[in-house]
Amino acid sequence: MTALLGGTFNPPHNGHVALAATAEERFGEEVVVLVAVRPGHKEVELDGDVRAQLARAAFPDREVETDPHGRTVDMLKAGRWREPRFLIGADEFCDFLTWKDPEGVLERARLAVATRPGYPRDRLDSVLAQLSRPERVLFFEIEPLPISSRDVRERVARGEEVSGFVPPAVARLISERGLYRGYTGGEERT
């Protein structure tokens, strides 16, 4: 079995790494990291290949691939994985019904939803109640790390240190390549 962790990874941060490690430990499955080249739900300033290099730096012991599909369901339709477990956070799950063909996603993958202690269960249950296959969704707890990719981009743009928020190899690449120095905002939180 394979667990899939998809995203823009703009840049990958310690929360992404912790999510992959917790899922791997919890489910005993290999985690494959999928970098969305052209995500259908947001604009991304950095090229997919650069973000894939950042992801490889963040996940040196995991398989990292680029995903050319704009939507998760399209990736799953074209994917090579049989019955994968797709990893998402609780906030993403609360928006799951707005995804392109959420039922199609559930037909092709099980969802593993990372929640943090104290997350309002009623928000999750209201989404779950609207799904035709709620048994395909599993919740698991993860220690909260209060960081987002947007926070990292903003810190870099302000000239602040990010080494406590991203893996050392990612911080090094950001610094060496001068990434995000001109970031002015506008992208969604990831």
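The legends below describe close-up views of a predicted model.

**View 1. Helix H1 and its buried face.** Helix H1 has 14 residues and spans 20 Å from first to last C-alpha, close to the 20 Å expected at 1.5 Å a residue. Gly15, His16, Leu19, Ala20, Ala23 and Phe27 are buried in this helix. Viewed down the axis of H1, the buried residues fall within an arc of 140°, so they line one face of the helix. An α-helix has 3.6 residues a turn, so residues three or four places apart point the same way. The cover over the buried residues of H1 includes strands E1 (2–7), E2 (30–36), E4 (85–89), E5 (110–115) and E6, together with helix H7 (149–157). Just after H1, glycine 28 has a positive phi of about 65°.

**View 2. The pair of phenylalanine 27 and phenylalanine 140, one of the aromatic pairs.** The structure holds 6 aromatic pairs. In this pair the ring centres of phenylalanine 27 and phenylalanine 140 are 5.2 Å apart and the planes lie at 80°, so the arrangement is edge-to-face. Phenylalanine 27 belongs to helix H1 (residues 14–27) and phenylalanine 140 to strand E6 (residues 137–141), 113 residues apart. Both phenylalanine 27 and phenylalanine 140 are buried. The charged end of arginine 85 sits over the ring of phenylalanine 27, 4.1 Å from the ring centre.

**View 3. An aromatic cluster.** Phe86, Phe93, Phe96, Trp99 and Phe139 form one cluster. Within it, phenylalanine 96 and tryptophan 99 make an edge-to-face pair, with 4.9 Å between centres and 65° between planes. Phenylalanine 96 has 0% relative accessibility and counts as buried. Arginine 121 lies over the face of phenylalanine 139, 4.3 Å from the ring centre.

**View 4. The salt-bridge network of Glu29, Arg85 and Arg110.** The whole structure has 14 salt bridges, and Glu29, Arg85 and Arg110 are linked in a network of them. The side chains of arginine 110 and glutamate 29 meet at 4.0 Å, N to O. Arginine 110 is in strand E5, while glutamate 29 is in the loop between H1 and E2, 81 residues apart. Arginine 110 is buried at 16% relative accessible area, and glutamate 29 is buried at 6%.

**View 5. Two further salt bridges.** Glutamate 65 and arginine 80 form a salt bridge at 2.2 Å, N to O. Glutamate 65 lies in strand E3 (residues 64–67) and arginine 80 in the loop between helix H3 (72–78) and E4, so the pair ties together parts 15 residues apart in sequence. Arginine 80 counts as exposed, at 54% relative accessibility. Arginine 133 forms a salt bridge with glutamate 135, with the closest N and O atoms 3.5 Å apart. Arginine 133 is partly exposed at 30% relative accessible area, whereas glutamate 135 is exposed at 57%.

How values were computed
Residues are numbered from 1 along each chain as its sequence is written. This is a predicted model: local features need pLDDT of at least 70, side-chain atom pairs count only at pLDDT 80 or more; totals for chains, interfaces and linings use all residues. Side-chain values use heavy atoms; hydrogens and water are left out. Rings of Phe, Tyr and Trp (its six-membered ring) pair if their centres lie within 6.5 Å; planes under 30 degrees apart count as stacked, over 60 as edge-to-face and the rest as tilted. Helices (H or I, at least four residues) and strands (E, at least two) are DSSP runs, numbered from the N terminus. Buried means under 20% relative accessible area, exposed over 50%, partly exposed in between (1.4 Å probe, protein chains only). A charge sits over a ring if NZ of Lys or CZ of Arg is within 6 Å of the ring centre and within 35 degrees of the ring normal. The expected span of a helix is 1.5 Å times one less than its number of residues. The arc is that of the directions from the helix axis to the C-beta atoms. Contact means heavy atoms within 4.5 Å.
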